[in-house]
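Hi everyone, thanks for coming. Let me put a new structure on the screen, and we can walk through a few parts of it together.

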Amino acid sequence: VLFRSNAVDFMLAQFTTQKDGLASGQSGMRAMLCGTYLTAAFFLLQMHDFSYVPGLSDMSFLYFISSTLVLLGNSSLLLKVTGTKSAAGISSQSLMLSAIGLTCRVSATSLFDGYLPADNTADYAVQFVDAASLLVVVYLLYLIHKTYVHTYEEDKDVMSIRSILAASLVCASFIHPDLNRCFFWDTIWAFSLNLEVLQTLPQLCMLAKVGGKVEKTTAHFVVNMFLACVLRVFFWIWAIPGCEDLSVEDALDKSFTEYMWDMTLGGYYILGAYFIQIIINLDFMYYFARAWCKGDSHVYLPKMTDEI
């Protein structure tokens, strides 16, 4: 933990100068963020098996890309906290949902392969990336509640996750796919999916309550989660027709509009969950896209005045 924090401090020092602390600090954060994305792109190129079955390799690899985007999103928060030495604007409740969801997902996918892609990344590469995301989230929680607890805006992180956890677990117990052929582990995976869908709600609620400008590193967390969700939608749209537990027979010979009516409850559940996640994040994505088109250095949100 100490080594990681010192490494970030060292890198920031290389990208910043003493002449203009604020401007150079922001420039250094942008440089490190770009470096993180370039590293992730190189990592993805190294992991992709171009010799695998054409088409199958590309579509199946979307799942691994989405897991990498989740890691990027959490890493951008880590960069923000360690770079500014402040946890302001970061929702601990959102990170708690992420930690619990990732723990359940890594546990399920490490023991069973029912929900894993068909390419070589299923051989523990996906689990490794998800586990790395979990470690980053746990470290972030440590920074928020220990190292930089004096900067944590607890009064603005007001969305309780107890009801989210209870509702997600009850829903997963009654509605879940059966790809692991085990009630308990299918429920655990579905529980992780439910938490994944709702994990950005406390963060979005906090950003709306604070209002004003949102730092790009914090915005990149939500954006990466949104892009990861979109890629998983494409992955499952491609994967469901070939899975007999999620669609009827001969679904591969049907068009998308035809097989959408022939999916099992498990298929509707998975796609429906990710579509809900997309809807949850659309409002923030609108403000992010507007800031990007204007060339603004921050994302500007309207302030929510009503109590939650």
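Here is a question to start us off: in which crossing, left-handed or right-handed, does helix 7 pass helix 11? Helix 7 passes helix 11 in a left-handed crossing; a crossing gets that name if the near helix is turned anticlockwise from the far one by less than a right angle, and is right-handed if clockwise.

Before going further, a word on what we are looking at. This is a predicted model, where local features need pLDDT of at least 70 and side-chain atom pairs count only at pLDDT 80 or more, while totals for chains, interfaces and linings use all residues. Residues are numbered from 1 along each chain as its sequence is written, and side-chain values use heavy atoms, with hydrogens and water left out.

The protein has 11 helices and two strands; these are DSSP runs numbered from the N terminus, helices being H or I with at least four residues and strands E with at least two. Of its 308 residues, 50% count as buried, meaning under 20% relative accessible area, with exposed being over 50% and partly exposed in between, for a 1.4 Å probe and protein chains only.

Back to our pair. Helix 7 covers residues 183–198 and helix 11 covers residues 265–294, and they pack at an angle of about 20° with axes 8 Å apart. The axes are lines fitted to C-alpha atoms over the stretch in contact, and angles run from 0 to 180 degrees between N-to-C directions. The two helices are therefore roughly parallel, the term for angles under 35 degrees. Among the residues that meet are Trp-189 and Leu-193 in helix 7, and Tyr-269 and Ile-280 in helix 11; contact here means heavy atoms within 4.5 Å.

Helix 11 has another partner to show you. Helix 8, residues 201–210, has an axis that comes within 11 Å of that of helix 11, crossing at roughly 30°. That makes helix 8 roughly parallel to helix 11 as well. On the helix 8 side the contact uses Leu-201, Leu-204 and Leu-207, and on the helix 11 side Ile-280, Asn-281 and Phe-284.

Finally, please find Arg-181, in the loop between helix 6 and helix 7. Is Arg-181 buried or exposed? Arg-181 is exposed, at a relative accessible area of 56%. Leaving out residues up to four places away in sequence, Arg-181 touches Asp-186, Glu-244 and Asp-245. Gly-114 is 67 residues from Arg-181 in sequence, yet their C-alpha atoms are 8.1 Å apart in space.

How values were computed:
Parallel < 35°, antiparallel > 145°, perpendicular 65-115°, else oblique.
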